[in-house]
Amino acid sequence: MAERVVVTGIGIISALGRGKNAHIGPMRRSQGGIHAITHLRSVHAPEFVLGEINMSNDDLAKLIGLPTGDNGYTRTTLLSLAAMSELLNDVDISLLREEPFAFINANTVGGMSKMEDIYMDVLAPGTRPENIKYIDTLDCAESTENVRRHYGLKPLMATISTACSSSSNSLMLGARMIKSGMVKRAVCGGSDALSRFTLNGFYSLKNVDKKPCKPFDQNRGGLNIGEAAGFCLLESEPAAIARGAKIIAVLTGYANTNDAYHPTAPSPNGDGAYLTMKQALEMASLQPGDIGYINAHGTATINNDLAEGRAIQKLFGTQPPPFSSTKPFTGHTLAAAGIIEAIFSMWAMEQQMVIPNLNFETQMEELDISPAPSLIENVLINHVLSNSFGFGGSNVSLVFSKP
Amino acid sequence: MTQPLYIISACTISPQHTYDEEHFLDPAMTADDGQLYVIDPDYTRYISPVAIRRMSRMLKRGITAGMKCLEDAGVTTPDAIIIGTARGSVTDMENFMKDMIKMEEQALNPTSFIQSTYNSVNGWIAMMTKCTAYNQTYVHRGFSLELSLLDAQLLLSEPGDKKYLLTGGFDELTSEYFIIREKIDYYKKDIPPSPELLAHYDTPGTIAGEGAHFFTVSNDPGKAVCAIHNIAMLQQPSAKELLDATADVLSQNRLKIEDIDILVCGMNGDSRNRFLIDPLIANCAASTTIVSFKQLSGEYDTASGFGLWLTNYICKHNYVPPA
């Protein structure tokens with residue numbers, strides 16, 4: 001049997017702030033993170049609410065000790081560096097310089113947040129010099145490469161883009177590489193910055209709620225876009241024990257399946273989500289009754305919550321473990337959703353608490369189950385399940401267990 | 001990682017006659033403006049008339065190359081779909097972004113937004129083959145296609161009964177993307193006709209291209225033409241690091257560089273890469289045939305797929321085409 005893969009380091013930034021305390025506090029107080037737009041320059045700014053991180057690009061640059069202004073780093077890269085530098089508060093960077101090491105990032109639109117503002121100047125003759133710095137940032141690997149360069153790392157690198165399940169795939173790939181012996185450690189995660197491109201994309205699909213989202217509610221009206229970055233350090237259990245590292249959780253199960261149903265909508269009966277969760281549990285050698293908390297994908301779109309709710313009901317029955325969507329705290333952070341919600345799941349297990357599903361009022365007619373509407377404390381959680389489902393039918397479920 | 005990837009079938013849509021392989025280099029297709037665009041095949045063969053109307057060319061191209069690759073392998077439903085693309089459907093991303101700017105974020109059509117998602121080709125092939133298994137999209141610049149193959153190696157070495165995997169990669173050239181890369185000196189200033197690209201190795205820059213390359217790979221050597229035994233990816237290596245890595249890969253297979261009959265090499269005519277390429281070639285035996293391909297494919301992030309297709313072609317026909 002292959003060695004177990006454990007999580008020994010965490011770095012995160014989202015609309016709730018940076019680091020663990022910034023997240024746990026509002027979650028305990030049921031204080032959502034969705035608010036009016038301050039930084040994104042969209043004509044829709046007055047009408048929408050978002051999971052926007054309350055820092056300008058200059059604020060982020062200062063936080064990580066970079067020059068402000070046009071420094072060539074997109075917001076996506078700045079968020080990635082903010083999360084990575086937080087992870088490195090607890091992890092000696094020399095560990096990541098030891099071969100063999102993998103750095104696996106995930107992203108959906110690269111430096112779009114900058115490129116959408118300068119694209120016409122970029123195409124025109126005589127592009128302004130400050131814009132030339134960003135000219136080739138419209139790809140998903142730009143933040144991965146910049147983080148690697150910033151810290152002088154030479155890892156095995158990968159960037160994944162499977163829409164909203166992207167960074168769950170990062171964790172899964174890192175675990176597989178460690179189990180195969182290809183690498184000893186891996187930093188896995190993802191990042192996405194808000195862009196008008198993404199906001200308008202989901203708006204054109206009529207998937208955006210102009211009020212804070214209401215996951216698993218009969219009267220839900222769509223999602224709120226958010227931005228975030230998160231990374232976890234994964235390593236083999238013997239490697240973690242050998243260096244005396246504090247083990248936060250064990251990644252005991254994972255599964256990646258595809259709906260093979262529709263380009264953007266999940267199969268309405270939840271077949272895809274069911275298969276993914278089932279396979280992840282099987283890999284962890286767990287029964288549904290062993291799971292103490294489910295962090296649902298729960299985007300609050302009509303389609304997702306119906307499909308996912310039905311899948312949970314099919315696998316766990318009408319008395320499932322407490323489940324919630326944490327999207328009202330952070331918005332839907334797309335490529336970062338998988339990693340930040342994996343982190344929330346591990347914290348829920350560590351703190352023995354169920355994170356509330358904010359804004360839930362009305363039971364969904366199609367379901368016999370409902371999410372946990374408020375904080376539950378002192379609850380026994382030995383194993384957690386975290387779901388991420390994306391466009392293209394890309395589904396990933398992860399199972400974390402107590403060390 | 002030494003799990004061999006036996007290549008059961010290969011399908012490439014490129015600027016050359018590769019999709020209709022029997023006409024390869026008959027004639028060789030060329031470009032004088034430094035932009036090699038693909039020869040579009042009949043996309044209605046695998047895609048229904050209803051679906052095809054709204055599809056962008058990258059989506060049609062990716063689906064068609066992938067579906068033909070599986071058909072050639074006799075595989076109806078693969079055991080995984082793993083694809084690499086550095087830029088996905090560039091046209092869709094450009095169109096949605098420009099519409100958004102011009103129409104000031106009002107009344108936008110979501111079609112190009114959906115298709116600009118990097119895993120849209122993966123999703124379509126999964127739907128068309130009813131493949132609910134593992135599905136992955138790598139988007140890491142020049143490593144995108146290699147990561148697809150590396151993941152396939154990993155997957156076939158894991159417990160389970162997976163046997164036939166669809167791997168590959170694609171990227172698209174657009175006139176706007178050409179302008180962007182031109183501004184960062186990616187291309188040659190004095191553009192030679194594409195067949196003469198490598199005769200201009202003394203100046204910086206290359207020429208542009210695009211393509212879609214798919215490979216059905218298996219752990220079963222039965223129907224294979226050739227196999228990939230090792231994959232090594234290096235970050236901005238020095239010449240010595242490249243030579244050491246080459247020697248290491250060969251020694252893992254009990255080979256020396258003198259044993260190599262053919263080196264398929266992605267030299268792209270950019271003088272800035274010569275410090276890597278020249279020592280490698282100098283290190284080869286006089287009897288080694290050096291095969292270049294970027295004068296046929298153009299340069300782009302997943303162009304190595306053309307090289308892999310060509311390698312497979314050479315093994316299949318036991319013949320090195322005069323390029």
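Analyst: Two residues are in contact here if their C-beta atoms, placed from the backbone, lie within 7 Å. Keep in mind that this is a predicted model.

User: Is A:Met353 buried or exposed?

Analyst: A residue needs 20 or more other C-beta atoms within 10 Å of its own to be buried. A:Met353 has 20 other C-beta atoms within 10 Å, so A:Met353 is buried.

User: And how far apart in space are A:Met353 and A:Tyr293, C-alpha to C-alpha?

Analyst: In sequence, A:Met353 and A:Tyr293 are 60 residues apart. In space, C-alpha to C-alpha, the distance between A:Met353 and A:Tyr293 is 8.6 Å.

User: Let's move to helix α9 of chain A. How many of its residues are buried?

Analyst: Helix α9 of chain A runs over residues 196-204 and is mostly covered. Among its buried residues are A:Arg196, A:Leu199, A:Phe202 and A:Ser204. The buried count for α9(A) is nine of nine.

User: What covers those buried residues of α9(A)?

Analyst: Both chains have a part in this. From chain A, the cover includes α5 (112-123). From chain B, it includes α3 (90-102) and α4 (110-116).

User: How do the residues of chain A that touch chain B split by class?

Analyst: 47 residues of chain A are in contact with 46 residues of chain B. On the chain A side, α5, β6 (156-160), α8 (166-180), α9 and β9 (249-258) each supply at least two residues. By class, that side of chain A has 22 nonpolar, 19 polar and six charged residues.

User: How are α11 and α12 of chain A oriented: roughly parallel, roughly perpendicular or oblique?

Analyst: α11 (271-283) and α12 (302-316) of chain A pack with their axes 8 Å apart, at an angle of about 45°. Angles under 35 degrees count as roughly parallel and 65 to 115 as roughly perpendicular. With about 45° between them, α11(A) and α12(A) are therefore oblique.

User: Which residues of α12(A) meet α11(A)?

Analyst: The crossing of the two helices is right-handed. By class, the contact of α11(A) with α12(A) has six nonpolar, no polar and three charged residues. From α11(A) come A:Ala273, A:Tyr274, A:Met277 and A:Lys278, and they meet A:Ala307, A:Glu308, A:Ala311, A:Lys314 and A:Leu315.

User: In chain B, is the crossing of α8 and α9 left-handed or right-handed?

Analyst: The axes of α8 (239-252) and α9 (274-283) of chain B come within 9 Å and cross at roughly 40°. B:Leu242 and B:Leu243 are among the α8(B) residues in the contact, with B:Phe275 and B:Leu276 among those of α9(B). The contact residues divide into seven nonpolar, two polar and no charged. The crossing of α8(B) and α9(B) is right-handed.

User: What's the backbone geometry of the peptide bond from B:Asp26 to B:Pro27: cis or trans?

Analyst: Most peptide bonds are trans. B:Pro27 lies in the loop between β1 (5-13) and α1 (49-52) of chain B. With omega near 0°, the bond from B:Asp26 to B:Pro27 is cis.

User: Last one: is B:Lys130 buried or exposed?

Analyst: B:Lys130 lies in the loop between α5 (120-129) and β3 (135-138) of chain B. B:Lys130 has a positive phi of about 55°, although it is not a glycine. B:Lys130 has 11 C-beta neighbours inside 10 Å, so B:Lys130 counts as exposed.

Key: Residues are numbered from 1 along each chain as its sequence is written. Chains are lettered from A and ligands numbered from 1 in the order in which they are written. This is a predicted model: local features need pLDDT of at least 70, side-chain atom pairs count only at pLDDT 80 or more; totals for chains, interfaces and linings use all residues. A residue is buried if 20 or more other C-beta atoms lie within 10 Å of its own, exposed if 12 or fewer, and partly exposed in between; C-beta atoms are placed from the backbone. Helices (H or I, at least four residues) and strands (E, at least two) are DSSP runs, numbered from the N terminus. Ala, Val, Leu, Ile, Met, Phe, Trp, Tyr, Cys and Pro count as nonpolar, Asp, Glu, Lys and Arg as charged, and the others, Gly among them, as polar. Axes are lines fitted to C-alpha atoms, for helices over the stretch in contact, and angles run from 0 to 180 degrees between N-to-C directions. A crossing is left-handed if the near helix is turned anticlockwise from the far one by less than a right angle, and right-handed if clockwise. Angles under 35 degrees count as roughly parallel, over 145 as roughly antiparallel, 65 to 115 as roughly perpendicular and the rest as oblique.
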